[in-house]
Amino acid sequence: MQDNFSPNFANLTHLDQQGQAQMVDVSAKAPTVRQAVAAAQVRMLPETFAAIQTGNAPKGDVLGTARIAGIMAAKQTANLIPLCHPLPLQKVEVEVIPDAQLPGYQIQATVKTKAETGVEMEALTAVSVAALTLYDMAKALEKSIQIESIRLISKTGGKSGDYSARISG
């Protein structure tokens, strides 16, 4: 069956001439300082939030474990996302911030490198795994915990320039 879609593969960096996925060749690029910030939120019942805040979760240190998991995940992004380049990360910071208004937690990751390509995927992976770990550590208290709004907040460096998400609300 023939369709009317005839892509110009030469303009798509992650596809070769035959339309097959490929890792982009960044060897000709100069290393530059790049940083990305990503965020997520984890929403839960007030009782679950209170138990975590007071240290009464059955599995122990929920927030510390989630933070470390996020850091470790950023370092493993190239092993998880097929076309990501392994990057030397100079900074990975993960914050898990209580938000009684949700109730739940705001998670933010900042990742920095000096490399030929950016660290958006590392920051997004960090907040995703931190949120999943928070869920895992608290699921004995509540199965209905919601992971929401995983998103890129900002990025600096690289050919495409800087990006900053518009904050709504």
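Modeller: Two strands are said to pair if DSSP finds at least two bridges between them. Helices (H or I, at least four residues) and strands (E, at least two) are DSSP runs, numbered from the N terminus.

Biologist: What makes β1 and β3 a pair of strands?

Modeller: Strand β1 (residues 32-43) is joined to β3 by 12 bridges. The definition asks for at least two bridges, so β1 and β3 pair. The two strands run antiparallel, and Arg 34 stands opposite Thr 113 in β3.

Biologist: On what kind of model does this rest?

Modeller: The model is predicted, so local features need pLDDT of at least 70 and side-chain atom pairs count only at pLDDT 80 or more, whereas totals for chains, interfaces and linings use all residues. Residues are numbered from 1 along each chain as its sequence is written, and side-chain values use heavy atoms, with hydrogens and water left out.

Biologist: How many helices and strands does the protein have, by that definition?

Modeller: The protein has 4 helices and 5 strands. From the N terminus on, these elements run β-α-α-α-β-β-α-β-β.

Biologist: What makes β2 and β5 edge strands of the sheet?

Modeller: The open sheet of 5 strands has the order β2-β3-β1-β4-β5, with antiparallel pairing. β2 (89-99) and β5 (163-164) each have a single partner strand, so one side of each is left without a neighbour in the sheet.

Biologist: How do you know that β2 is paired with β3?

Modeller: Strand β3 (residues 104-115) is joined to β2 by 10 bridges; at least two are required, so the two strands pair. In this antiparallel pair, Leu 89 stands opposite Thr 113, Lys 91 has Lys 112 as its bridge partner, and Val 92 has Val 111. A hairpin of 4 residues joins β2 to β3.

Biologist: Why is Ser 149 called partly exposed?

Modeller: Its relative accessible area is 40%. Buried means under 20%, exposed over 50%, and partly exposed in between (1.4 Å probe, protein chains only). The value for Ser 149 lies in between, so the residue is partly exposed.

Biologist: What makes Thr 77 buried?

Modeller: The relative accessible area of Thr 77 is 1%, under the cut-off of 20% for a buried residue. Thr 77 is in helix α3 (residues 77-80). Leaving aside neighbours within four places in sequence, Thr 77 is in contact (heavy atoms within 4.5 Å) with Cys 84, Met 121, Glu 122 and Thr 125.

Biologist: How do you know that the span of α2 is close to that expected?

Modeller: The expected span is 1.5 Å times one less than the number of residues in the helix. α2 has 14 residues, for which 20 Å is expected, and reaches 20 Å from its first C-alpha to its last.

Biologist: Which residues of α2 are buried?

Modeller: They are Val 62, Gly 64, Ala 66, Ala 69, Gly 70, Ile 71, Ala 73 and Ala 74. These buried residues pack against α1 (46-53), α3, β2, β3 and α4. α2 lies across β2 and β3, at about 150° to β2.

Biologist: What are the residues of the contact of α2 with α4 like, nonpolar, polar or charged?

Modeller: Among those that meet are Ala 66 and Ala 69 in α2, with Val 129 and Ala 130 in α4. The contact residues divide into 11 nonpolar, 4 polar and 1 charged. Ala, Val, Leu, Ile, Met, Phe, Trp, Tyr, Cys and Pro count as nonpolar, Asp, Glu, Lys and Arg as charged, and the others, Gly among them, as polar.

Conventions: Axes are lines fitted to C-alpha atoms, for helices over the stretch in contact, and angles run from 0 to 180 degrees between N-to-C directions.
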